[in-house]
Amino acid sequence: MNKKTAKKKFYFLGFTLLFVALLLSSCGSKPTASWAEDAVKKIPELQSLPAYQKELDLEEPLSRGEAAVILNGLLNYKTASINCYVDLEDKYYKDALLKLTAAELISGDKEGKIRPEEPLTLKEGIASLAKLLSVEDKDIDSLYAAGSFKESQKDNQLTRGEFIQLLNGCVENLYNKPEEVSNKEYKNFVLVTSDNVNFSQCSFDKPVLLAPGVEEKTITFKDCTNGKTLAIKDGTVTKEDAPFRFKIASFDTKFDPTMINRSINLKLALGSINNTIVPPGGEFSFNRATGKKTYDVGYKDGIVVAGGKLVPGFAGGVCQVSSTVFNAALESGTKILERHAHALEFSYVPQGRDATIFEGSQDLRFQNPYPVPIQVQTNYNENGVITVGIYAQGYMKLPKITLDTVNENGTYITKRYLDGNLEHTHKTKYSGFGF
């Protein structure tokens, strides 16, 4: 393949330049960066976003809303989060900000504000670009350090010109990979933006990502370790109609298979929720998923908790399933909307991490916080183990999840941290022990 043909393949760079040039262009304004001027000449009819209907000053700080519009234009994210921000009005940047929050590229604060018109800091800009391009923060930081930017910055803010030049540098230096790659060891993702890239004697800890439009069959691996590809579509790494095989989290609990009626109830409840798909922002309800529990369905009498005691009752054992689901939900990072504790402690889950349900009054509910659908999968093992897992269709970047439970004077306090930030807390106090 000749160099002229190869250059045409790197369409992502061209797209980025055109998009940014479109953003910069406005009536009577002239971008000062030479690469932007060249891109502007290729646009027959200059248009601009509502925020750019005046002379654009590249030395002014870039707002978080402006950054969202630019970043969303790169991969054209489709899924938007729910607008729960008190300061996000119906302006030109609203859609882009909601899509980037769903993709976890931009986040709000603890006060429910996303600050769309506040300047984007250097740290925020580098972190967002690193997540977008699936590279390390230090890679972006090194590009900034090597860039021709002003040494003095006001409050460590990025100007419009600096951000756009930094973005352009990322595409040129990080996105576009050479056609022949050999003897490389990749700990992080590799993003390929052109056809006909050949890897030889390389090792990969994570998949090679293919940008939209790249033909998977043109990417080859010779004498490579763990070489495989995943296509990027609509801002997520997945394939259309793909099965849910990427495990976000799973949890096991043990049961006594000699307790026949209880085992039957476990199996029925597990089967009723198996393969339940929760869309982005959607809600899982245990009671809704399991439906009515009746003798006609097949449920049996068993042992239940009533009045703080173990007594004979209908559909005993179902709460072990809800408790297993609760722990899978906790460990998968989903947002816990409703959970109720048993009056008694049970040994099949860690202390303070059980979840009881009762039709009509007590439910277990969680929300999918991710920009892709997730699926609840279950398994019943006759030897006495049940499993609940939360899965996605393809690779997705997950937060670091930490769970911590402490006993304070008989009350179990469980806290969950996402990427080091406290996100969920619940308290549990038992009156006795079940089994």
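What follows is a working chat about the fold, cores, salt bridges and surface of a predicted model.

Reader: Before we start, what kind of model is this, and which pLDDT limits apply?
Author: This is a predicted model in which local features need pLDDT of at least 70 and side-chain atom pairs count only at pLDDT 80 or more, whereas totals for chains, interfaces and linings use all residues. Residues are numbered from 1 along each chain as its sequence is written, and side-chain values use heavy atoms, with hydrogens and water left out.

Reader: Fine. How many helices and strands does the protein have?
Author: The protein has eleven helices and 23 strands, taken as DSSP runs numbered from the N terminus (helices are H or I with at least four residues, strands are E with at least two).

Reader: And what percentage of the residues is buried?
Author: Of the 435 residues in the protein, 47% are buried, where buried means under 20% relative accessible area, exposed means over 50%, and partly exposed lies in between (1.4 Å probe, protein chains only).

Reader: Which residues touch the most other members in the largest nonpolar core?
Author: In that core of 39 residues they are Phe 284, Phe 286, Val 321, Val 325 and Phe 366; a nonpolar core here is a set of buried Ala, Val, Leu, Ile, Met, Phe, Trp, Tyr and Cys residues joined through side-chain atoms within 4.5 Å. At least two residues of this core come from each of β10 (246-254), α9, α11, β18 and β19, and α11 gives the largest share, with eight residues.

Reader: What does Val 321 contact, leaving aside its neighbours within four places in sequence?
Author: With those neighbours left aside, Val 321 is in contact with Leu 266, Ala 269, Leu 270, Ile 273, Phe 286 and Ile 386, contact meaning heavy atoms within 4.5 Å.

Reader: Where does Gln 320 lie, and is this residue buried or exposed?
Author: Gln 320 lies in helix α11 (residues 318-332) and is buried, with a relative accessible area of 1%. The side chain of Gln 320 makes a polar contact of 2.8 Å with the side chain of Arg 262 (a pair of N or O atoms within 3.5 Å; within protein, one must be able to donate a hydrogen and the other to accept it, and residues adjacent in sequence count only if both atoms are side-chain atoms).

Reader: Switching topic, how many salt bridges are there?
Author: There are twelve salt bridges in the structure, each being a side-chain nitrogen of Lys or Arg within 4 Å of a carboxyl oxygen of Asp or Glu.

Reader: Which parts does the pair of Glu 382 and Lys 267 tie together?
Author: Glu 382 and Lys 267 form a salt bridge with their closest N and O atoms 3.5 Å apart. Because Glu 382 is in the loop between β18 (374-381) and β19 (385-392) while Lys 267 is in helix α9 (residues 260-273), the pair ties together parts that are 115 residues apart in sequence.

Reader: And Arg 416, buried or exposed?
Author: Arg 416 is buried at 0% relative accessibility, whereas Glu 423, at 33%, is partly exposed; the closest N and O atoms of their salt bridge are 2.7 Å apart.

Reader: Which residues are linked in a network of salt bridges?
Author: Such a network links Arg 64, Arg 115, Glu 118 and Glu 124, and within it the side chains of Glu 118 and Arg 115 meet at 3.2 Å, N to O.
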